[in-house]
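Biologist: Could we go through this model together? I would like to start with the overall picture and then turn to single residues.

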Amino acid sequence: MSVPEVLPIACEPGRRTSAIGLWDGGRFLASVTAAFPEGWTPGADWRRYASIAVAPFAVRYEGTPFGLVVDAHEGGPREWAELHPDGLGFSAPWDGTHDT
């Protein structure tokens with residue numbers, strides 16, 4: 001099965017895609033580090049989860065690849081997309097779940 005033009009990336013709480021969220025302009029996927037002020041307790045809805053869809057792209061910055069890059073999967077002919085530099089791999093059935 002060919003890589004679709006836009007790939008879903010599912011929010012999987014407790015896994016590396018748990019940092020998918022919402023903002024006023026849309027959705028995002030981020031590697032997030034958070035710190036709360038001493039004595040502050042976040043409410044139950046301090047962050048909301050969702051899924052996103054991303055079109056494959058690739059850029060390099062200071063020699064490091066960034067993007068959702070389409071490639072053949074190692075050890076097999078099936079098509080594969082990998083999120084760089086995170087190393088998350090996506091393949092059929094293109095349901096948004098990932099391999100590491």
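Biologist: Among contacts between residues at least 6 apart in sequence, what percentage join residues at least 24 apart?
Modeller: The share is 43%, where a contact means heavy atoms within 4.5 Å. Please note that this is a predicted model, in which local features need pLDDT of at least 70 and side-chain atom pairs count only at pLDDT 80 or more, while totals for chains, interfaces and linings use all residues. Residues are numbered from 1 along each chain as its sequence is written, and side-chain values use heavy atoms, with hydrogens and water left out.

Biologist: How many helices and strands does the protein have?
Modeller: There are zero helices and eight strands. Helices (H or I, at least four residues) and strands (E, at least two) are DSSP runs, numbered from the N terminus.

Biologist: What percentage of the residues is buried?
Modeller: Of the 100 residues, 26% are buried. Buried means under 20% relative accessible area, exposed means over 50%, and partly exposed lies in between (1.4 Å probe, protein chains only).

Biologist: Which residues touch the most other members in the largest nonpolar core?
Modeller: They are Leu-7, Ile-9, Leu-68 and Phe-90, in a core of 13 residues. At least two core residues come from each of strands E1 (7-9), E4 (52-54), E7 (79-84) and E8 (88-90). A nonpolar core is a set of buried Ala, Val, Leu, Ile, Met, Phe, Trp, Tyr and Cys residues joined through side-chain atoms within 4.5 Å.

Biologist: Why does Phe-66 count as partly exposed?
Modeller: Phe-66 counts as partly exposed because its relative accessibility is 33%.

Biologist: And what does Phe-66 touch, leaving out residues up to four places away in sequence?
Modeller: Phe-66 touches Phe-57, Ala-58, Val-59, Tyr-61, His-84 and Pro-85. Phe-66 and Pro-85 are 19 residues apart in sequence, and their C-alpha atoms are 5.6 Å apart in space.

Biologist: Where is Pro-85, and is its bond to His-84 cis or trans?
Modeller: Pro-85 lies in the loop between E7 and E8. The peptide bond joining His-84 and Pro-85 is cis, with omega about 10°. Another cis bond runs from Ala-92 to Pro-93, with omega near 20°. Most peptide bonds are trans, and most residues other than glycine have a negative phi.

Biologist: What is the phi of Glu-62, then?
Modeller: Glu-62 has a positive phi of about 50°, although it is not a glycine. Glu-62 is in the loop between E5 and E6 and is exposed, at 69% relative accessible area. Trp-94 also has a positive phi, near 55°, but Trp-94 is buried at 10% relative accessibility.

Biologist: Changing topic, which side chains meet in a salt bridge?
Modeller: Glu-12 and Arg-15 do, at 3.3 Å from N to O. The count comes to one salt bridge, defined as a side-chain nitrogen of Lys or Arg within 4 Å of a carboxyl oxygen of Asp or Glu. Glu-12 is buried at 15% relative accessible area, whereas Arg-15 is partly exposed at 37%.

Biologist: With which side chain does His-98 make a polar contact?
Modeller: The side chain of His-98 makes a polar contact with that of Glu-12, at 3.0 Å. A polar contact is a pair of N or O atoms within 3.5 Å; within protein, one must be able to donate a hydrogen and the other to accept it, and residues adjacent in sequence count only if both atoms are side-chain atoms. His-98 is in the segment after E8 and is buried at 4% relative accessibility.
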